[in-house]
Each structure stands twice: as structure tokens, then as C-alpha cells.
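Here's a quick tour of the structure shown below. Have a look around it first, then read on.

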Amino acid sequence: MIKISRYILVLTAVLVASIALPAFYWTVFEKVPRSPQIYYSCVTGDFIIADGNKRTDPSGKEFTLDEYERALPLLYFRQLMADGEMPDSIHGIKLEAPSISRASSFYRYTPRKLKTPVPTLYPMLESQSGKVNLAMPDDYFRIEKRMEFIVAKTNRINEEKSALFTDALIEEGFVFPAKIIAGIPTTRKSVDEGYFVTDSGGSLFHVKMIKGEPYVVRIETEEKLDIVYIEAVDLRSREFYCYVFTKNQGIFVVMDEVYDLQRLPVDGFNPEIHTFRINADLFNKCITVLGENWYQAIAVDDMYKVVGTHYEEWSGLYERAEGKAFASIFPFEIRMKDDNSAFIRFFFRPSPGYRWIIVNLVALIIAFIMIRRRGWAIGANIADLLIVGITGIYGLAATQFFPNKFTVNKQPNNK
Amino acid sequence: MFKSIIYKEWIKIRLIVLISLGLSLLALINIFLKVRHDILFVDAANYWYSFLFRGSTYFGILKYLPFAIGLAVAIAQYIPETVNKRIKLTFHLPVSENGILIRMHAFGAAVLVTLFLVVMGLFTAGSAIFFPSNIINPSLVTMTPWFLGGMATYFLVALILLEPVWIYRGLYAVVAAGFVTLFYTSASIGAFRPVLPALILITVLLSFVVLFSGYRFRKGEM
């Protein structure tokens, strides 16, 4: 039992070391990862990559700041208007500030949005109150065995309203409970469109409240979608309601009013690890999918037809000097937090390659020598050596922190 | 005999336990008076909103309390034993040395668990007046690591105090500090849910480790 208690301590120390030492290493040596912004210019008809202070086109031609702003007149129209350089029209379309800003939007999805604790209560705003300003309701709803509204002040369920909405959902074939509830739970938006909800069967519904009455629409999809994340957006152009991310069937937008699902021309998107950006303007939408060390940019026109693509890749973390050194020293690392998740977990990250085996071997030899010098029996220290062999310097430190002195069976030979 | 040992342990820690209970009750009263006040003055719907969508918690005052309690109980229970190596007297009783240490330690742990469960129970009961389960459950998930951290602190501080060699006390303290910090990692409400089973398992395993330094103490390791 005492021996076991020591191994509990040693393994705890290995855990602590494999969290703390790599964290310290990265704090000292990690460099800012590249995160280029990609735009599609309606003037040059090509992509523009802004990376730090460097602005280039895909061929590598550099732009000065002025050239860059002139190439993206829809993004910098205020600056160009101030300079008197704003073109009157592009592609035969007259450019006016209100129409430019109405068509402009930016959205970004990161894997962190997928893996984050979400609330299970939401406010249902009145979407046609007749007032100019939206108002927060005094109750919150949840969709579990049924749809329930809980009045915050009394912490009691409003039975009448709950029954009204539950019945409306059942009528549309909703299977309780809800899996995803996505809306914009704030009054700081132009209009209220309620919530986009998936039921336990994975079907998609639109739920909102109009003059106190439930409004429920079942959104039909051509094929069964494995929806993992929905984000409602408040576009001034009112083009679509929300982005719908599926596990491996791609990304969709739900068109306003008609509820058609428009698939975005993005292939191989993995919502667990990829970042998605979309920059929309009057003429084009520039979609960027980013991996750890690459991006794929896709430009589409206003009919979602692809007008250009661009791919770029750079060296990954473990291909750079600091990452290579890391993978040589440490056999693995454990993180409590991960860039791709807001949850706390023991994220286990084995180091790529096999260079760490050398350091593990050195650690093993040191451990072996130390055991011999203390005159301990090797046989009684097999477990220690095994731990050092597998966990490298973490295990070496841990086994020295908690000395294995149960096994003294001969006097230390003072060499 | 074990009754007397438990009585001896209780004498050592009773003052600390009562102070801890008093402080916890004060903290809980403070929490719910504040919630009641804010709900009256700020409006309940708004108050719920800041929890649900802004991530503000109403129980942050409880965060380091279990840590302090675990530390204080371990000190109250084990410092007197190390002064003049008094625990050696206990080890001379005609019972198994391990058995006696296990019982001392189990008693301390049981008192802490009871205290923490009372605090979490009262917290849940108080919260139920103002909030639905959709707010209470993530709150409990958020504070569970804090209380587990209190238990881990108790186990590891006992280990450190019974260790006879100062240099190793220092080394244990490094590991203990590194480990206990994990429980107090700042995170959004409910973010600890996936890691809780692992943390519970490790904390339960750590309840044994006092035997290690207890053994070294007995053998007069220098």
C-alpha cells in the first residue's frame, strides 16, 4: 500500500510536470502563429493577402497601403471618399455608401465555438412588438421534455405560455428535447428572428414569437444533415438567417424568408479543427478556411458561383525550430486548455516524430546510474525505470522527487 | 481505542472546523443576500442574463474557501504531531502503524467531506429559491473543482507535513502547488465538466499518499 501510494505520487508529479514544463517552454519560445487576412478585390479580380504589415496578391506582388485601399474600395470606402478617390461605379453598378455598408458583413467560425459550454436557457423576444426598440422579456425558455418558459422574478414556470409553444412545436413534428438552440439573445440587433433549433432527431426548426403567439417552421433539407453548430447572424442585407455547420457535409446558410439551404462551396471542412471566415461585399463573398498551417481561399459571386480560389501553406509548429526542439526534448505534453476548445480537459498531445526517444534514453541511463550509485536493487526499481523510459524527463524528475527507499538491501557503496 | 483516537483528532481540529463552518455560512449568507438585493434592484431577468450570456457568477466568493479550509485542517491535525515527533507515541500503540494513520487521516477527510457537502447542499438549496436547474447545475459543475481542490490540498499538505526531510518537503510542495493549481484554473461556467471524473479519481487516489511520508517518518528517514 505504501509502495502504491508512492506510485500515485510519482504519476501525479508526472502529470504536473507534463503540464507545467511544456507550458513554461512555450511561454518562453513560442512565436506568434501566422494568421493572414484574405480579401477578394473587385478591382483586380484577385485575392489580396494582408499578413501583418505586408499586403500582397497571390503572385507575391506587394501593395503599398494606398494601393491596397484602392484595390478594396468596398472595404475602405470611407477612407477613399475622404481622399476623393472613390470610384463612382464598378462593374456598371453605382456605388453608394448605404448600399455598400448594407452588403458588407464579416463572420468567423472557430472550433472553439463548437466546444464550449452553452447556456440552456434563452430569452424569447417579441419579434413584432410594433415598437422601434426590441425589449428583453421577463422570462427564459428551455426545450427539454417540453418547451418551458420560466419567469425570472418568481423562478416559476409560465404554464400557459409553455403549453402554447410546446403544442406549436409538436404540431410541426418536433421531437423533444432540443439539441442545438441558436439565436441572438440580445436587443442589440436590427430585428428579432427568434431561434434556430434542432430536435433530438436532428431536424431543423425556426422558432420565434409574433405578437405573443408561437411561430414555428420546420426547415426541410434535401438530405439528412448532421448539424453540429448553428450561428444566427443579423445581416443588414437580410440575405440569410444563419450559418449551419455539419459534421462532414459542409457549411450551409439558411436563406431569409424562403428557408432554402444554400451550400457554401467549401469541401473537406472539419468543424472540429478548421476555422472559417467569410468577408462579404456588394459583389463577392471571400471565404477562407484555415488549418493550423494552411488556408484555402474561395471567392464567390452573389449567386454563390466560385470565381477564384487560392491555397497557401507554411511550415507547421513542429517543423519550425522551436517546435522541433520541443519534440526532441519532451515525449508528449498535457494541456488543461486547448486553443480549439473552451472546455477544461487533459488534452494529451504526443510529440510528432521519434527524436524524443534519445532524451528518454538519456533520462533512463541517468535513472539507472542513480539507482546503482545508491546501491539499490535494479529489480525493485523496474517500475521506476519503466516510468522514466516512457515519460522521459517528466518521469526522471518525478521519481527523484519521491525517493524509492523501500528497497535498500545493501549499503551504498561510496565510489 | 479508535474512539479515543478519533476524539484526539477531533480535539485538534474542532476549533478550525467550527471556524470554517462559520466562515462558509457567512459566505453563503453573503451570496444569497447579494442575489436577493440584485434581483430586487437590478431586475431578475437581467441578473439571469448576466449569468447565462456574460458568464458572471454569483458564488465567486467561495472559490478559495475550500483550499483555505483544507490547508487549515491539515495544519491543525498534523503540525502538533510533528512537533517533538509526537506521532511516534501513537505509533507505539499496540495497533498497526498504518492502520492508525489511515484512521486519523480518514477521520480528517470525512470531516472535510461532510463540511463541503453541507456547504454545497446549502448552496443548492439557496440557489433553488432564485434559479432553475439550468443555472444551478452549471454552477455546481463550476464549483466542484474548487471543493475537490480543498480535499487535494488536505491530502497533500498532510503528506508534506509528515515528511521528515526538509528538502523533500520542498519538492513535495512544488508538486502539490502545481497540482492544486489545476483545480483553480480560470474557466467559463461549466467548462470543467469533461475533466471532473479524472480529477475526482486522482483526488481519491491522493487520499492514500500520506502513508508514504508516514512510512518515511516512522523509519526515521533523514
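## Chain A at a glance

Of the 415 residues in chain A, 34% count as buried (20 or more other C-beta atoms within 10 Å of a residue's own; 12 or fewer is exposed, in between is partly exposed, and C-beta atoms are placed from the backbone). This is a predicted model, where local features need pLDDT of at least 70, side-chain atom pairs count only at pLDDT 80 or more, and totals for chains, interfaces and linings use all residues. Residues are numbered from 1 along each chain as its sequence is written, with chains lettered from A and ligands numbered from 1 in the order in which they are written.

On the confidence side, the model scores ipTM 0.92 and pTM 0.91. Chain B has a mean pLDDT of 92, with 99% of its residues at 70 or more (pLDDT is the predictor's confidence in each residue, from 0 to 100).

## Overall shape and domains

Chain A holds 10 helices and 23 strands (DSSP runs numbered from the N terminus: H or I of at least four residues for helices, E of at least two for strands). Its radius of gyration is 29 Å, well over the 22 Å that the globule rule gives for 415 residues, so chain A is more spread out than a compact globule (the radius is taken over C-alpha atoms, and the rule is 2.2 Å times the number of residues to the power 0.38). Along the principal axes, the C-alpha atoms of chain A fill a box of roughly 90 × 65 × 40 Å.

Chain A splits into domain 1 (2-31 + 322-401) and domain 2 (109-274), with bounds from an automatic or database domain assignment. The C-alpha centres of these two domains of chain A lie 46 Å apart. Between them, 4 residues of domain 1 are in contact with 6 residues of domain 2 (contact: C-beta atoms, placed from the backbone, within 7 Å).

## Where the chains meet

Across the interface, 34 residues of chain A are in contact with 37 residues of chain B. α1(A) gives the most to the chain A side, with 10 residues. By class, that side has 24 nonpolar, 4 polar and 6 charged residues (Ala, Val, Leu, Ile, Met, Phe, Trp, Tyr, Cys and Pro count as nonpolar, Asp, Glu, Lys and Arg as charged, and the others, Gly among them, as polar).

Tyr140(A) is worth a click: this residue lies in strand β7 of chain A and counts as buried, with 26 C-beta neighbours inside 10 Å. Leaving out residues up to four places away in sequence, Tyr140(A) touches Leu121(A), Tyr122(A), Pro123(A), Ile150(A), Ala152(A) and Trp48(B).

## The nonpolar core

In the largest nonpolar core, of 75 residues, Ala13(A) and Phe155(B) touch the most other members (a core is a set of buried Ala, Val, Leu, Ile, Met, Phe, Trp, Tyr and Cys residues joined through C-beta atoms within 7 Å). Helix α6 (residues 133-162) of chain B gives the most to this core, with 13 residues.

Most residues other than glycine have a negative phi, and most peptide bonds are trans. The bond from Phe176(A) to Pro177(A) is cis, with omega near -5°. Lys211(A) has a positive phi of about 50° although it is not a glycine, and Lys211(A) is exposed, with 10 other C-beta atoms within 10 Å. Glu257(A) has a positive phi near 70° and is exposed, with 8 other C-beta atoms within 10 Å.

Key. Two residues are in contact if their C-beta atoms, placed from the backbone, lie within 7 Å.
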